[in-house]
Amino acid sequence: MILVTVGTQGPFDRLVKTVDAWAATQPGRRIFAQIGPSDYRPTAMEFAADLDPATFEQYLTEAELIIAHAGMGTILKALELGKPVLIMPRRASLGEQRNEHQLATAERFERLGIVQVAQDEIDLARRLESLDSVQPSKRISDSASPELISHLRTFLARHLGAV
Amino acid sequence: MVPARKKILAVASGGGHWVQLMRLRPAWQGYDVVYCSVHPEYQQQIGDARLYVVPDSNAKSKLAVLRTAFAILRVLRKERPDVVISTGAAPGGLALFFAKKMGAKTIWIDSIANAEVLSMSGQKAGKHADLWLTQWPELARPEGPEYHGSVL
């Protein structure tokens, strides 16, 4: 199953429409899309405006690929499960979010080599055409870097005493 | 009288902020911690720990911010945490602001989503943070925030 998710910051039709157009050429492939409060009705894939956290978690676990906006919650969850992630950043210039931080997020995470990034609809369509090239992602550990954890523990021990 | 055990309040709004907070949990393993977020469903991720649910808000709506502020104040008055830690956004920023005035130590970890500039809440919260962290080395400054690793 392929999971498409746009998170909770409103619709992201550029992403949904592009995947839906591709889905129409993929009979037999199960694709589920969480599309937010959108007027667009996908015709070639299952969809819901929102998913409750338990169902979302279940779909994430079942998915062989996650196609998403560059939302940190989705990216981190997907990487914790070792799922390949293809992201397309929302753009504030198109009214899709409040600032351009998803562009920066996408670029940095791509540079780290842990997600694949489609810059826009054309790039996304091209990447979907050659889906076989989506690399399995490196699974990240369940928690933050040892350096950060240890820095926080030192601070807590100083103010609360060690445990 | 036995002194009350020291307590941590961990605050994050929904989605990515919450996921990042969850990835920091080993930092406070062994301490008493209560959580505060914006979705009751998050209870299932934190076992027996107490979860306070407050309304979310952002700078766009002053009324919503006020509602969040009152809810946060109620939590702080009830729990009297010794340390407040947050990964953002608005509820966490407000929690740090009030907690600092109430004498608690405060920690702000700016979201890893802010790779080029600190978040608005992060810039404000930094002033009320005893420990002010960014997750990108490029954003660290001598006057803060500091970089000491990330949630990755």
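Which residue in strand 2 of chain A is the bridge partner of Thr5(A)? It's Gln34(A). Keep in mind, everyone, that what we're looking at is a predicted model.

Strand 1 of chain A covers residues 2-5, strand 2 covers residues 31-34, and the two run parallel, joined over four bridges. Zoom out and you'll see six strands in chain A making an open sheet, with parallel pairing, in the order 3-2-1-4-5-6. At the edges you have strand 3 (46-48) and strand 6 (116-117) of chain A; each has a single partner strand, so one side of each has no neighbour in the sheet.

Okay, on to where the two chains meet. Chain A puts 29 residues into the contact, and chain B puts in 31. On the chain A side, the elements giving two or more residues are helix 3 (72-80), helix 4 (101-111) and helix 6 (146-160). Helix 6 of chain A gives the most, with 10 residues. If you sort that side of chain A by class, you get 13 nonpolar, 11 polar and five charged residues.

Last stop, chain B, and one leucine. Leu118(B) sits in the loop between strand 5 (105-109) and helix 4 (120-126) of chain B. So, buried or exposed? Leu118(B) is buried, because 21 other C-beta atoms lie within 10 Å, and the cut-off for buried is 20 or more. Who's around it? Skipping neighbours within four places in sequence, Leu118(B) contacts Asp110(B), Gln123(B), Thr134(B), Leu139(B) and Pro145(B). And Gln135(B), 17 residues away from Leu118(B) in sequence, is 9.9 Å from it in space, C-alpha to C-alpha.

Conventions: Residues are numbered from 1 along each chain as its sequence is written. Chains are lettered from A and ligands numbered from 1 in the order in which they are written. This is a predicted model: local features need pLDDT of at least 70, side-chain atom pairs count only at pLDDT 80 or more; totals for chains, interfaces and linings use all residues. Two strands pair if DSSP finds at least two bridges between them. Two residues are in contact if their C-beta atoms, placed from the backbone, lie within 7 Å. Ala, Val, Leu, Ile, Met, Phe, Trp, Tyr, Cys and Pro count as nonpolar, Asp, Glu, Lys and Arg as charged, and the others, Gly among them, as polar. A residue is buried if 20 or more other C-beta atoms lie within 10 Å of its own, exposed if 12 or fewer, and partly exposed in between; C-beta atoms are placed from the backbone.
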